[in-house]
Amino acid sequence: MKIVFFGTPEPAAACLQTLLDAKHQIVGVVTQPDRPRGRGRQIAFSPVKELAIKNNLLIAQPAKVKNNPEFSSWLRSLKAEIAVVVAYGQILPGDILDVPKFGFINLHASLLPKYRGAAPVQWALLNGEKETGVTIMQIDQRLDAGEIIRQEKIAIEEEDNAETLAHRLFAVGKEVLLQAIREIETGKAELRAQVESEATFAPALTKESGELDWRKPAAQINNRIRALVPWPTAHTFFKGKQLKLWRAEVLPGKEPRPGEILEIVKNSGFIVGTGQGGLLVLEVQIEGKNRILASDFMLGYDVKIGDQIPS
């Protein structure tokens, strides 16, 4: 099928590669403009752009797709049969949705109608879900509310964080995407409407989302730590410096002492009291330093039982 692909980050590039491997004809690629990245703030291409260049694909990088006649004209000139959207990063205007013969379809990392919005993986973890999945849906002018083409469930593992869960979701999702395109192409796709009464939302996260409240139960705090990897990262403060928490483990039965270091676990980490249970901190990053094991952090920063965080 003739496909125009919209996407930006690494998971989207993996989906684009899957479409190329399946011998679909990619007539154009739309990705976000080049932006500075890393400590040096050097201008960098998105993973999707890098893959498109490698495969000599036609690329567009509009700053805005809304109210952009030039982009709309370019899109029409491609004569694509379908548009595939994976983590593109802009809301698509209604006036282009009917340009391809089969419209626009989107790979969304939740079991819609749950977790519509920008951060479905993170909110599934924040809310302690045991299961999530991917949805291929037809895009309309409403936010993630189009008809469902295919879905696939996966279990959320206890050790999952947002990074590992997203990786697993898109590994499944790219295969489900291929199945959906095949069904659309052969006229076998069975679309079904979302149940509006079951809709929940997953708004974008902010830096402030990372601040921990030690009065919460340990399980909730751990869910926040898992959900915010790699950004914005859950954090607290230790001896006046921001301390990011990358990995931890819930320990039920500990006496509620929110924010107090209750115990030092040799070669492992330190246990912090919460509103319910304890939290064994396993991996951290103090302000201005690299991410390290909590056991190494304790040696360098004189962590003691009774210390309070934030302090």
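User: In this model, what makes the side chain of N223 and the side chain of R226 a polar contact?

Analyst: The model is a predicted one, and in it the two side chains come to 3.1 Å; because a polar contact asks for a pair of N or O atoms within 3.5 Å, the pair of N223 and R226 is counted as one.

User: Why is N223 called buried?

Analyst: N223, which is found in helix 6, has a relative accessible area of 13%, and since buried means under 20%, the residue is placed in that class. Leaving aside residues up to four places away in sequence, N223 touches L125, L126 and G128.

User: How do you know whether F297 and Y301 are buried or partly exposed?

Analyst: F297 has 1% relative accessibility and therefore counts as buried, whereas Y301, at 27%, counts as partly exposed, because that class lies between 20% and 50%.

User: What places the charged end of K49 over the ring of F45?

Analyst: The charged end of K49 is 3.9 Å from the centre of the F45 ring, and the distance cut-off is 6 Å, with an angle condition of within 35 degrees of the ring normal as well; the charged end of K49 is accordingly listed as sitting over that ring.

Definitions and conventions: Residues numbered from 1 in each chain as written. Predicted model: local features only at pLDDT ≥ 70, side-chain atom pairs only at ≥ 80, totals over all residues. Heavy atoms only, no water. Helix = DSSP H or I, 4+ residues; strand = E, 2+ residues; numbered from the N terminus. Buried < 20%, exposed > 50% of the residue type's maximum accessible area, 1.4 Å probe, protein only. Polar contact = N/O pair within 3.5 Å; in protein donor to acceptor, adjacent residues only side chain to side chain. Contact = heavy atoms within 4.5 Å.
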